[in-house]
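Subject: Structure handover and notes

Dear colleague,

Please find the structure below, with the notes that I promised to send along with it. I have kept to what can be read from the coordinates, and I would be glad if you read the notes with the structure open beside them.

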Amino acid sequence: MNPTPETPGPTAETPGVPPETAPATAPETDGDTDAEARRAASFERQRRLRQEPRFPGGPAADPAGSHHERRIRSFQPRRSRVTTGQEDALQRLWPTWGLDIDGRGVLDLPTLFDGLPVVLEIGFGMGEATAQMAADDPVTGILAVDVHTPGQGNLLSLAERAGLSNVRVANGDAIILLREMLEPDALDGLRVFFPDPWPKKRHHKRRLIQPEFLDLVAQRLKPGAFVHCATDWEPYAEQMLEVLTAHPLFENTREDGGYTPRPAFRPLTRFEGQGLDKGHVVHDVLFTRR
Ligand SMILES: C[S@@+](CC[C@H](N)C(=O)[O-])C[C@H]1O[C@@H](n2cnc3c(N)ncnc32)[C@H](O)[C@@H]1O
């Protein structure tokens, strides 16, 4: 995979410092007109990004903004260009198929998915693989979560075009979803395909697949449910295999304790394609919850 750029953009928060620390009111001025203008523009950008829904009726800019917590995040919040088609999908389809991860209530998955077994996918990107897997397996509900607005619009649009009714698009941090919005034993599976590899050592703490994350996942998965991860970043593949193998509540589906050959049911993802173009080797790991 092409490692995610790690230079924080203008909107990225400092690790461990929550976005809610943004000023609630415009900063005071000191008489320097240029500096004032810059501060005002920066304040306006922050206010728009953090507080306002970008599309009427669409996903909120910072759905769990009420959570004043200090935590390192596995993603880099950024404002990305949304195409007209994606914007149209967000406005028309979000009220029916989308949900904000605001941490304010536990989801009723049986009602949301008409009683289907539910698989959580964290970080669907542009959603092509998600839509494909949902179409291939219409008797499984897919709760697809990402913070990436263009991808949310894209997935809604793909799902509509394919006539899918087994996909729900969740906007926000998957950790808050897992921790506060899902019941114990709620999920039949978890997919994490090509998560941000955070290649620099000082950023390894941002990687999603870690022991504490697995503790939380283990509480939300039913016994026998699966965890399927894939990455083209070799050191992250080793970390995935190591922490899953070491966790007492997960069991490798491979008797040899190694990686799983890429299953035919997993479509090529966008990031995977980019990694393969660079000559990277892809590894899948497939475990079950004991
Ligand atoms: C490198 S991309 C891979 C996208 C897609 N799976 C693919 O293979 O093309 C990782 C995605 O995970 C999302 N992500 C990372 N941490 C997340 C979190 N805690 N909650 C929701 N989405 C997250 C990012 O926004 C990004 O879109």
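Among contacts in the protein between residues at least 6 apart in sequence, 81% join residues at least 24 apart, where two residues are in contact if their C-beta atoms, placed from the backbone, lie within 7 Å. Please bear in mind that this is a predicted model, in which local features need pLDDT of at least 70 and side-chain atom pairs count only at pLDDT 80 or more, while totals for chains, interfaces and linings use all residues. Residues are numbered from 1 along each chain as its sequence is written.

The protein has nine helices and eight strands, which are DSSP runs numbered from the N terminus (helices are H or I with at least four residues, strands are E with at least two). Of its 290 residues, 38% count as buried; a residue is buried if 20 or more other C-beta atoms, placed from the backbone, lie within 10 Å of its own, exposed if 12 or fewer, and partly exposed in between.

The largest nonpolar core has 63 residues, and those with the most contacts inside it are Ala144, Val145, Leu156 and Leu187; such a core is a set of buried Ala, Val, Leu, Ile, Met, Phe, Trp, Tyr and Cys residues joined through C-beta atoms within 7 Å. Leaving out residues up to four places away in sequence, Ala144 touches, among others, Phe124, Leu155 and Val169. Val169 itself sits in strand E4 (residues 167-171) and is buried, because 27 other C-beta atoms lie within 10 Å.

Helix H2 (residues 84-97) and helix H5 (residues 149-161) pack at an angle of about 75°, with their axes 8 Å apart; axes are lines fitted to C-alpha atoms, for helices over the stretch in contact, and angles run from 0 to 180 degrees between N-to-C directions. The two helices, H2 and H5, are therefore roughly perpendicular to each other, since angles of 65 to 115 degrees count as such, under 35 as roughly parallel, over 145 as roughly antiparallel and the rest as oblique. The residues of this contact divide into eight nonpolar, six polar and two charged, where Ala, Val, Leu, Ile, Met, Phe, Trp, Tyr, Cys and Pro count as nonpolar, Asp, Glu, Lys and Arg as charged, and the others, Gly among them, as polar.

Turning to the ligand, 23 residues surround it, and the closest are Gly123, Gly125, Ala174, Phe194 and Thr269; a residue is near a molecule if its C-beta atom, placed from the backbone, lies within 6 Å of it. Strand E3 (141-146), helix H6 (174-180) and helix H9 (270-277) each supply at least two residues of this shell, and H9 gives the most, with three. The shell divides into 12 nonpolar, six polar and five charged residues.

Finally, two backbone angles deserve a look. Asp114, in the loop between helix H3 (109-112) and strand E2 (118-122), has a positive phi near 50°, and Asp185, in the loop between H6 and strand E5 (187-193), has a positive phi of about 60°. Most residues other than glycine have a negative phi. Asp114 is exposed, with 9 other C-beta atoms within 10 Å, whereas Asp185 is partly exposed, with 13.

With best wishes
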